[in-house]
Amino acid sequence: MNWGIFEGLLSGANKYSTAFGRVWLSLVFIFRVLVYLVTAERVWSDDHKDFDCDTRQPGCSNVCFDEFFPVSHVRLWALQLILVTCPSLLVVMHVAYRQAREKKHQEAIGKDGGRLYLDPGKKRGGLWWTYVCSLVFKAGVDATFLYVFHSIYPRYTLPQVVKCQVAPCPNVVDCFISKPEEKNIFTLFMVITALVCIILNLVELAYLVSKRCRECLEARKARSESLDHRLDWVTSSSKQGDLLSGDLIFLDSDVPPPLLPDHPQDHVKKTML
């Protein structure tokens, strides 16, 4: 498998990732992909031919190997690395789709006709949801594979001797695994790096969600302050208009406004009489 293709594609994801995403990509390529390519495949290359059982019954060693190794470590790791890196490719494809739409819009409308996206690579709208879903998917894939490894190989370790009693084995036979300690070291290393990647994905997810919530609160607060300022301005304008209309109501009239009497009570009495 040519992992260089994935490396070339995912290198573009650094431009659209946060600091946590860049650390995650570095961790995946340096501590997972390179370790897988350089050491893991070589360590597990001789696991079948060096799986010896203390019997010469034909087919016994094969069925015992299949019983204890239903799925090879390296094949599970290869599938895990492919699935965990696909969401980053989807993010890159989404950005390329937005750039293509922006280019078509500029060709159809012109540069003075506005833009669909101020920055196609900025995590807003659908791209934000794509990025968040990719983080959830990557963390879920790593967690699922850790569970599968633990269910197949308890405590992620391999014993030195395996007890096997599967037909056509004549009885309980002892089978010996090649380099169990070396395989345990690499298995634990891959498990620890997967756990670190899960933590980084969850931290980045919390960072993006908290940042989005903070931006929404700030935007709501700004709209509320703008509305209050507009209401104050309208109220003050109406008050000023009332005062001006009261002052100017008699400017064009020769009759002065009626004056209140000095003694309102006498005025009321005269009116009643």
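Q: The bend at a residue is the angle between axes fitted to the seven residues ending there and the seven starting there. By how much does H2 bend at Tyr-36 in this predicted model?
A: H2 bends by about 50° at Tyr-36.

Q: Which residues of H2 are buried?
A: Buried means under 20% relative accessible area. In H2, the buried residues include Trp-24, Phe-29, Arg-32 and Tyr-36.

Q: What makes the charged end of Lys-138 sit over the ring of Trp-24?
A: The cut-off is within 6 Å of the ring centre and within 35 degrees of the ring normal. The charged end of Lys-138 sits over the ring of Trp-24, 3.8 Å from its centre.

Q: How many aromatic pairs does a search of the whole structure find?
A: The search finds ten aromatic pairs.

Q: Why is the pair of Phe-68 and Phe-69 called edge-to-face?
A: Ring centres must lie within 6.5 Å to pair, and planes over 60 degrees apart count as edge-to-face. The centres of Phe-68 and Phe-69 are 5.0 Å apart and their planes stand at 85°, so this pair is edge-to-face.

Q: What makes Phe-68 and Tyr-153 an aromatic pair, and of which kind?
A: Their rings are 6.3 Å apart centre to centre, against a limit of 6.5 Å. The angle between the planes is 65°, which is over 60 and therefore edge-to-face. This pair links distant parts of the chain, 85 residues apart. Phe-68 is in helix H3 (residues 60–68), and Tyr-153 is in the loop between helix H5 and strand E2.

Q: Which residues do ring pairs link into a cluster with Phe-68?
A: The cluster holds Phe-51, Phe-65, Phe-68, Phe-69 and Tyr-153.

Q: Why does Tyr-153 count as buried?
A: The limit is under 20% relative accessible area. Tyr-153 has 1%, so Tyr-153 is buried. Phe-69, at 6%, is buried by that limit too.

Q: How do you know that Cys-53 and Cys-175 form a disulfide?
A: Two cysteine sulfur atoms within 2.5 Å make a disulfide. Those of Cys-53 and Cys-175 are 2.0 Å apart. Cys-53 lies in strand E1 and Cys-175 in strand E3, 122 residues apart.

Q: Why is the disulfide of Cys-60 and Cys-169 called right-handed?
A: The torsion about its S-S bond is about 105°, so this disulfide is right-handed. Its sulfur atoms are 1.9 Å apart. Cys-60 lies in helix H3 and Cys-169 in the loop between E2 and E3, so the bond ties together parts 109 residues apart in sequence.

Q: Is the link of Cys-64 and Cys-164 left-handed or right-handed?
A: The link is left-handed, with -90° about the S-S bond. The sulfur atoms of Cys-64 and Cys-164 are 2.1 Å apart. Cys-64 is buried at 2% relative accessible area, and Cys-164 at 5%.

Q: What is the pairing of the bonded cysteines in sequence order?
A: The pairing is 1-6, 2-5, 3-4. The structure holds three disulfides.

Q: Why is Cys-213 in no disulfide?
A: The nearest cysteine sulfur, that of Cys-216, is 6.4 Å away.

Definitions and conventions
Residues are numbered from 1 along each chain as its sequence is written. This is a predicted model: local features need pLDDT of at least 70, side-chain atom pairs count only at pLDDT 80 or more; totals for chains, interfaces and linings use all residues. Side-chain values use heavy atoms; hydrogens and water are left out. Rings of Phe, Tyr and Trp (its six-membered ring) pair if their centres lie within 6.5 Å; planes under 30 degrees apart count as stacked, over 60 as edge-to-face and the rest as tilted. Buried means under 20% relative accessible area, exposed over 50%, partly exposed in between (1.4 Å probe, protein chains only). Helices (H or I, at least four residues) and strands (E, at least two) are DSSP runs, numbered from the N terminus.
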